[in-house]
Amino acid sequence: MKDAVSRNPRDIVRLLTEIVGKDNVLYEQYDLIPYSRDRCPFLTHPKHGVIPLAVVRPATTEEVQEIVVLANKHHIPLTPRGSGTNYAGSAVPSKGGVVVDLTRMNRILAIDEESMSAKVQPGLILQDFEEALSKRGFTFGHDPGSFPSATVGGCISTWSVGWRAGKYGDMGRLVLSLKVVLPTGIVIETRSVPKSSTGFDVKSLFIGAEGAMGMITEAVLRIHPSPEKRVILVYGFKDFEQAFKSLLKVLRAGLCPMMQLVTNKEGMEGLVEKSRANGFVMISYEGVKEVVDAQAKRTASILEAEGGMKISDEVAEQYWADRHDMFSKMNLVGAAGSIDTAVPVSKVLEFYKFLEDWAKRRGVKVFDIASWVLPENLGMDSAFDESEVKAYIAARDEALRKALELGGTTSYCVGVGTRFPHLMREEHGPALDVLRAIKRTLDPNNIMNPGWLSP
Amino acid sequence: MNVPQNVYKDLTLCSRCRCGFCRRGCTTYPILGVESLTARGRNAIALSFLDGLIDASQGLADRFFLCTTCGFCKERCPLELDTVKINESLRAELVKKGFTRPEHDAFAKSIENAHNPYGELHEERMKWLPSEAEVAGKADTAYFVGCTTAYRRPEIAEATVRTLNGAKVDFITLHPEEWCCGSPALRVGRRDLFLKLARHNVEAIRKTGVTRVVTSCAGCYRVLSQDYPEFVGEIPFKVVHASELMAELIKEGSLKLVRKVPETVTYHDPCHLGRHTGIYEQPREVLKSIPAIRFVEMSKNRENARCCGAGGGVKASFNDFALQAAVRRLEEAREVGAESIVSACPFCAHNFREVIRETGSSLKFYDLMEFILKAIEF
Ligand SMILES: Cc1cc2nc3c(=O)[nH]c(=O)nc-3n(C[C@H](O)[C@H](O)[C@H](O)COP(=O)(O)OP(=O)(O)OC[C@H]3O[C@@H](n4cnc5c(N)ncnc54)[C@H](O)[C@@H]3O)c2cc1C
Ligand code: SF4
Ligand code: SF4
């Protein structure tokens with residue numbers, strides 16, 4: 001129940017100030033506005049978003065703990081926030097309350113070269129982490145499109161996936177252990193070993209939890225030796241189907257690319273204007289030089305045997321260099337809407353055909369339909385006019401439901417947020433009640449990013 | 001509200017995208033660490049303000065003024081939004097509504113009264129000119145000195161004039177018709193004042209008949225070469241920065257750098273010269289042509305260079321922030337083992353020298369024009 005404090009922003013600001021000092025509590029409208037939105041544009045939030053009561057910027061686990069205890073006592077909703085780059089609307093204070101900006105906690109606490117792990121704070125930006133590691137001959141290997149801005153905490157909480165996940169795994173796999181402040185203020189820390197058999201995996205409760213289960217204040221992450229070499233191969237095919245089948249041949253040969261992408265023609269627009277190809281495969285390897293050379297050679301011979309036409313290395317390099325920016329550039333055409341669906345490999349081509357027809361039927365401008373990182377991940381990037389938000393959402397839901405019908409998921413990354421909570425019963429069935437029961441147990445007062453897990 | 005349509009359009013584009021790529025590397029954001037000090041944050045505030053959802057206030061205005069207009073965010077933006085122009089348009093709008101900085105009011109008044117922002121006498125603008133310097137009565141080239149160089153960093157002006165004389169480049173100066181170029185006015189949203197200055201200077205230069213204007217100031221260079229044509233139309237002369245001219249003179253053999261300077265030196269790209277106008281290589285070419293020099297690059301260089309922290313009216317209004325940014329930059333110079341940091345902007349010089357003095361740093365700062373004097377045999 002709300003009490004007098006939770007209804008009075010001044011009291012909240014005063015109490016937060018006692019914890020973190022006045023420089024780290026924001027309450028002026030102009031300072032709050034930037035926290036009223038994340039990357040999620042017009043789909044779930046109007047142009048001007050939801051303004052929080054205050055923003056608090058803790059620097060330590062202890063400060064986070066005090067903030068959580070305070071919020072739990074007075075039933076004040078808390079929204080953890082990294083860089084606000086998710087496009088599910090999950091870092092927006094939809095239920096009001098206080099945004100907890102974790103970007104002050106951005107330090108690398110330790111790099112353990114022998115264990116090949118690093119202990120970091122959640123507000124650390126991926127690119128800062130990668131640059132620090134590369135100076136010591138290491139790489140993290142997590143490279144989502146938002147690499148220059150996303151934080152470790154945000155990536156764990158959305159279970160993000162990046163360009164190099166074929167080799168290093170998605171963000172969840174890169175986490176060895178977590179320190180978390182639970183919604184009741186209890187601090188837990190899991191063990192920094194890859195697995196244990198002493199009960200089910202507690203840390204997994206926070207991976208992909210969109211900040212609803214607690215606040216991550218530290219993470220021990222796997223790191224890897226910097227690769228000696230990287231090669232990127234691009235081949236053009238008659239169409240998407242042939243390209244996808246050729247990729248499967250490569251995988252069936254036992255090859256494990258660092259990165260794999262199959263895209264339709266639109267996905268290469270501007271890069272391969274003159275090509276007759278309508279489908280493209282891009283495969284990359286990195287690591288020990290001799291191994292990379294052997295993998296690349298074998299891959300090239302398979303793709304060529306499948307009728308693939310080699311696209312120049314410059315195109316491959318240009319695509320790679322532009323990989324963080326390309327996703328944003330869609331916004332120049334219209335509001336970008338991405339569908340990050342995954343279906344079983346055997347259903348990918350059926351889903352692809354559905355998406356192609358669907359886009360034509362619904363009049364959606366398609367940037368690309370692509371299978372990315374894992375062959376199952378078949379997503380689509382498109383743009384629409386802001387005035388057509390409702391029509392777009394209806395169209396999108398049709399595509400998401402098709403993915404569910406084919407046995408897949410509505411989202412392999414970024415999360416549910418405020419995008420499509422209404423589809424979660426269809427996705428999870430009775431398992432949704434399991435998720436919600438866990439949420440209720442950990443967060444009895446429903447203060448931690450209250451959203452689709454606690455309707 | 002009265003911002004140009006393209007600015008509003010850019011704000012809308014950012015509000016679609018909100019990728020936050022502009023945060024990392026921003027000069028002023030890390031100092032307070034709040035979103036409202038990033039281009040992304042400011043764009044969100046601007047949209048709310050222009051849509052009438054939030055009123056202007058001094059606090060809001062200060063978020064717009066606490067930006068060095070260094071352009072790092074613009075460089076990072078995948079949509080290539082002109083974040084600097086957006087901020088300057090909003091500043092202009094806020095100034096119209098009466099939300100200004102007192103320090104900016106003071107320098108604007110001084111510019112109105114004495115043609116320079118420092119409250120100095122216009123008659124003393126050329127006080128630095130060495131008696132032995134040869135300034136022509138008529139020439140194809142004019143040296144545009146600029147206020148900061150003339151009144152605060154005269155060593156740069158002196159070095160420029162000595163070098164031009166040494167290389168036998170005839171030049172005139174515009175005094176008493178050289179007024180402030182208008183950079184400080186334009187950068188902090190005083191567009192009317194800027195226009196007055198721009199019109200005056202263009203006319204003064206036109207009357208001399210010169211075909212080329214050379215300046216040793218990065219801020220003047222940006223304004224003369226980019227803002228004058230944009231705001232007052234085509235200009236009847238070419239504008240070159242001293243570093244460009246020096247590189248050219250060295251190439252054609254008119255300027256000989258012969259004396260050995262066995263120092264480890266790094267180059268700091270001034271924002272107005274680098275990111276704003278794309279001059280990265282010429283100053284490096286000049287330095288590298290000095291015999292025995294050990295030239296080292298800082299890890300963040302050229303379009304990635306960190307800002308010194310002084311620009312966009314920040315030094316005048318928030319000097320602590322300017323100094324903190326300069327401390328970070330000097331640290332980068334030290335990391336690569338530099339003994340000296342060389343730049344090509346009197347404003348960077350002013351800020352770096354203050355930090356070096358205040359912190360007792362062993363690093364030495366030189367303007368490019370000062371530094372090359374070491375290598376010239378007169
Ligand atoms: C240009 C661009 C490209 C992108 N490309 C990809 C991509 O390739 N792959 C991909 O997976 N995603 C991608 N995304 C989406 C986004 O970057 C990811 O979701 C990212 O993980 C979010 O990180 P963040 O720091 O911005 O988190 P935020 O957006 O701030 O937060 C995301 C969620 O995590 C929660 N959270 C944040 N920190 C904590 C914490 N310490 N403890 C508990 N909860 C927390 C928030 O409450 C929120 O629910 C992209 C986004 C952009 C803008
Ligand atoms: S211009 Fe420079 S200081 Fe201003 S917001 Fe951009 S990066 Fe930051
Ligand atoms: S980089 Fe550009 S589009 Fe992205 S948030 Fe910053 S200003 Fe907006």
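This is a predicted model: local features need pLDDT of at least 70, side-chain atom pairs count only at pLDDT 80 or more; totals for chains, interfaces and linings use all residues.

Let me begin in chain B, where Pro176(B) sits in the loop that runs between strand S2 (171–173) and helix H10 (183–187); here helices (H or I, at least four residues) and strands (E, at least two) are DSSP runs, numbered from the N terminus. The peptide bond leading from His175(B) to Pro176(B) is cis, and its omega is near 5°.

Residues are numbered from 1 along each chain as its sequence is written, chains are lettered from A and ligands numbered from 1 in the order in which they are written, and side-chain values use heavy atoms, with hydrogens and water left out.

In chain A, Glu210(A) has a positive phi of about 50° although it is not a glycine, and Glu210(A) belongs to the loop between strand S9 (187–189) and strand S10 (215–222) of that chain. As background to both details, most residues other than glycine have a negative phi, and most peptide bonds are trans.

Chain A as a whole has 16 helices and 18 strands. Its radius of gyration (taken over C-alpha atoms) is 22 Å, close to the 23 Å that the globule rule gives for 455 residues, so chain A is as compact as a globular protein of that length; the rule itself is 2.2 Å times the number of residues to the power 0.38.

How do the two chains meet? The contact, meaning heavy atoms within 4.5 Å, takes 39 residues from chain A and 33 residues from chain B. The area buried between them is about 2,900 Å², and carbon and sulfur atoms give 54% of that area; buried area is the accessible area (1.4 Å probe) that two parts lose on being put together, summed over both. In chain B, Arg16(B), Phe21(B) and Arg24(B) lose the most area to chain A, together 27% of what that side buries.

Between the chains there are five salt bridges, where a salt bridge is a side-chain nitrogen of Lys or Arg within 4 Å of a carboxyl oxygen of Asp or Glu. Arg24(B) and Asp128(A) are joined through their side chains by a salt bridge, at 2.7 Å from N to O.

Now to the ligands, for which a residue is near if one of its heavy atoms lies within 4 Å. Which residues come closest to ligand 1? Among the 37 residues that surround ligand 1, the closest are Pro80(A), Thr85(A), Ser146(A), Thr151(A) and Val161(A). Residues from chains A and B surround ligand 1, so the site is shared between chains. An N or O atom in the side chain of Thr151(A) is 2.6 Å from an oxygen atom of ligand 1, while a backbone N or O atom of Gly82(A) lies 2.7 Å from an oxygen atom of this ligand.

Ligand 3 has 13 residues around it, and those that come nearest are Cys14(B), Cys19(B), Gly20(B), Cys22(B) and Cys77(B). H1 and H3 of chain B are the elements that give two or more residues to that shell.

Finally, the residues surrounding ligand 2 include Cys26(B), Arg42(B), Cys67(B), Cys70(B) and Cys73(B).

How values were computed: A polar contact is a pair of N or O atoms within 3.5 Å; within protein, one must be able to donate a hydrogen and the other to accept it, and residues adjacent in sequence count only if both atoms are side-chain atoms.
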